[in-house]
Amino acid sequence: MIFETIITTQAGDGSIHIAPMGIREDNGLIVLAPFRPSSTLDNVLGNGYAAVNYCDDVRIFAGCLTGRRDWPTVPADKVPCARLKSALAHCELKLERIEEDELRPRLFCRVLHRVSHSPFRGFNRAQAAVLEAAILVSRLHLLPWEKIETEVKYLAIAIDKTAGPREREAWGWLMEKIEAHRAALKQGDAA
């Protein structure tokens, strides 16, 4: 099973990198599998630590995929990293081992510290639609336009029926990115 989370890592210069990433568990370890090239990969390999942030603000997922990465963080409790200030819960990881892969290495990490900060009240359909649209945006370069258009039309139903202000804002960012991709495709066809 894959869990959609936000990963925070720290670069050698102390800057914090925030990225959405699906994670999974394997024999008590959390597995991160970032694609190359990746700041998350470079940072974890550089210092050996990361934080997994569990949050319900889908703007963070959408924002990271649309150039909005400046989300408030606070220092992690036990590792040289930071966590999202708005995380409902987080866990702090230490890299244990690496399974090398040319495209997508797997980083097996031990949980050193786990904290719940606020209750999780559940997702509404619009939040799930934004997460799916964010994943779609991360794969625009891999998908035919017809597939993208079909998915967006279906996901928009949940936005129309159940979105609040945060979900509508996130959706808008993602739709801007998709429209820019469509414009680039049309421009390429005209060339």
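Student: Leaving aside neighbours within four places in sequence, which residues is lysine 94 in contact with?
Tutor: Bear in mind that this is a predicted model. Lysine 94 is in contact with Gly48, Tyr49, Phe108, Cys109, Arg110 and Leu112.
Student: Take tyrosine 49. How many Å separate its C-alpha atom from that of lysine 94?
Tutor: The separation is 4.7 Å.
Student: Is lysine 94 buried, partly exposed or exposed?
Tutor: Partly exposed, because its relative accessibility is 33%. The cut-offs are under 20% for buried and over 50% for exposed.
Student: Which strand does lysine 94 lie in?
Tutor: Strand S7. S7 covers residues 89-99 and pairs with S8 in the antiparallel sense.
Student: How many bridges between S7 and S8?
Tutor: There are 10. In one of them, glutamate 99 has arginine 106 of S8 as its partner.
Student: And what joins S7 to S8?
Tutor: A hairpin, running through six residues.
Student: Where does strand S3 come in, and what is its sense relative to S8?
Tutor: S3 spans residues 29-32 and pairs with S8, residues 106-116, in the antiparallel sense. That pairing has three bridges.
Student: Which residue in S8 is the bridge partner of isoleucine 30?
Tutor: Cysteine 109. Cys109 is also among the contacts of lysine 94.
Student: OK, pockets. What volume does the largest pocket have?
Tutor: About 920 Å³. Its lining has 31 residues.
Student: Which of those lie nearest the centre?
Tutor: Pro20, Met21, Phe35, Arg104 and Ser138.
Student: Which element supplies the largest share of that lining?
Tutor: Strand S2, with seven residues. S2 (16-26), helix H1 (39-47), helix H2 (58-65) and helix H3 (125-138) each give at least two.
Student: Which residues line the second largest pocket?
Tutor: The lining includes Phe3, Glu4, Tyr54, Cys55, Phe61 and Leu88. Ala89, Ser116, Ser118, Phe120, Phe123 and Leu131 also belong to it.
Student: And how do the residues of that lining divide by class?
Tutor: Nine are nonpolar, two polar and one charged.

Conventions. Residues numbered from 1 in each chain as written. Predicted model: local features only at pLDDT ≥ 70, side-chain atom pairs only at ≥ 80, totals over all residues. Heavy atoms only, no water. Pairing = 2+ DSSP bridges. Helix = DSSP H or I, 4+ residues; strand = E, 2+ residues; numbered from the N terminus. Buried < 20%, exposed > 50% of the residue type's maximum accessible area, 1.4 Å probe, protein only. Contact = heavy atoms within 4.5 Å. 1 Å grid on protein atoms, 1.4 Å probe; cavity = no way out; pocket = protein on both sides within 12 Å on 5 of 7 lines; lining within 4 Å. Points joined across faces, edges and corners; volume = space filled by probe spheres on them. Nonpolar A, V, L, I, M, F, W, Y, C, P; charged D, E, K, R; others polar.
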